[in-house]
Amino acid sequence: MVKVGIMLESQENLSWERLFELANKVEEFGFESLFLSDHLTSVKGNKQLESMALWPALTALSIHTTSIKIGSLVCSSTFRHPAQLAKMAASVDQLSGGRLEIGLGAGWYKEEHDMFGVPFPSVHCRLELLQDCVQILKQLWSGKSIDFAGKHYQLVNAEMYPTPVDKSIPIIVGGMGNTTLKIASMYADEWNAYYIDVNTYVEKARILADHCKDVERNPDTIRHSLMTPYVIGQRDDDIQDHIDANRAIFPSLPDNLSDWHAQGFVGGSPNQLIDQLSVFVEMGVNRFIFEHNDLDNVSHLEMLSQTVVPIINSM
């Protein structure tokens, strides 16, 4: 069964009022999950936009919602010590009744690091931080005393309680670089690709499978998810309005449906979305996470849930 979730860009003027309203609708409309981004400020460089802190927001969602999975997409490994991340995640998982999933990445937005004085090392170093982080999380959640000697972190006789509800939390590794895919092959429960077309997805999935072979892991044990912006409407002018609403958040997105499709993004009528998503499913995607950028409009979520999600869930 293919799952469908929603992702909100927390740094692009997401207020508490908007978050709770959207969370209510995500749950009411029957989506499987709600993910939030992890940034210190708008990635457009607009310092005046509200930027919601990830972990307080997930804590609030764990109380405010009752059934949907909640999580990060993705936490930057540059922002926190893995032990702090493990502790916060286990606590939120307990509070939510085991509904947390945690997405991890190496970090990419240099400007926010420079703005707030957060070190932004080389790509190689950031990927080492990510690999250390994934291992430390898994080991600390085990409920056992651990010693860990990584490239950047060392733990000695470390134990952490309470552990997550199910003794672990699903880890999503997000990214498409070769080293990121290698880390996913070793440690991830799910690999998340984003903003790519079918051909690129197939290429990256093949690389991931090759890495799984190298570490003697069955690639089928890793769920594949795709995070993508979407537009939906029954009429051409409705679709264009939704495109314009997406571009109000991210002006670099295509300004017409033809170019939207050319970049591999899903959009159009419900039947067009179903056709496009079906190809991804055929190629191996198990979960779609739709980036919902029109924060003050839930009609697109409702249409998506009524016309597209039931078909995709049945695949």
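Ala, Val, Leu, Ile, Met, Phe, Trp, Tyr, Cys and Pro count as nonpolar, Asp, Glu, Lys and Arg as charged, and the others, Gly among them, as polar. The exercises below use this predicted model.

**Exercise 1.** Find which residues line the largest cavity, and divide them into nonpolar, polar and charged.

Solution. 
- Step 1. The search of the whole structure gives 1 cavity of 30 Å³ or more, and the volume of the largest cavity is about 40 Å³.
- Step 2. Its lining consists of C75, S76, S77, R80, L85, L104, G105 and C133.
- Step 3. At least two lining residues come from each of β3 (69-76) and β4 (100-105).

**Exercise 2.** Describe the lining of the largest pocket by residue, element and class.

Solution. 
- Step 1. The volume of this pocket is about 790 Å³.
- Step 2. Its lining has 39 residues, and H39, V74, W108, Y194 and M227 are the ones nearest the centre.
- Step 3. Elements that each give the lining at least two residues include β3, α4 (110-116), α5 and β8 (190-194).
- Step 4. By class, the 39 residues comprise 19 nonpolar, 14 polar and 6 charged.

**Exercise 3.** State which residues have the most contacts inside the largest nonpolar core, then trace the contacts of L304.

Solution. 
- Step 1. The largest nonpolar core holds 83 residues, and W55, I102, L104, F288 and L304 have the most contacts inside it.
- Step 2. Helix α5 (residues 123-140) provides the largest share of this core, 8 residues.
- Step 3. With neighbours within four places in sequence set aside, L304 touches I6, F31, Y230, I232, L273, F290 and V309.
- Step 4. A second, separate core has 10 residues, among them Y109, V231, I243 and W260.

**Exercise 4.** Compare the span of helix α7 with the expected value, and list its buried residues and what they pack against.

Solution. 
- Step 1. With buried meaning under 20% relative accessible area, the buried residues of α7 are V198, Y201, K204, A205, I207, L208, H211 and C212.
- Step 2. An α-helix has 3.6 residues a turn, so residues three or four places apart point the same way.
- Step 3. The buried residues of α7 pack against α6 (178-187), β8, β9 (223-232) and α10 (270-283).
- Step 4. Just after α7, E216 has a positive phi of about 55°.

Methods:
Residues numbered from 1 in each chain as written. Predicted model: local features only at pLDDT ≥ 70, side-chain atom pairs only at ≥ 80, totals over all residues. Heavy atoms only, no water. 1 Å grid on protein atoms, 1.4 Å probe; cavity = no way out; pocket = protein on both sides within 12 Å on 5 of 7 lines; lining within 4 Å. Points joined across faces, edges and corners; volume = space filled by probe spheres on them. Helix = DSSP H or I, 4+ residues; strand = E, 2+ residues; numbered from the N terminus. Core = buried A, V, L, I, M, F, W, Y, C linked by side-chain atoms within 4.5 Å. Buried < 20%, exposed > 50% of the residue type's maximum accessible area, 1.4 Å probe, protein only. Contact = heavy atoms within 4.5 Å. Expected span 1.5 Å × (residues − 1).
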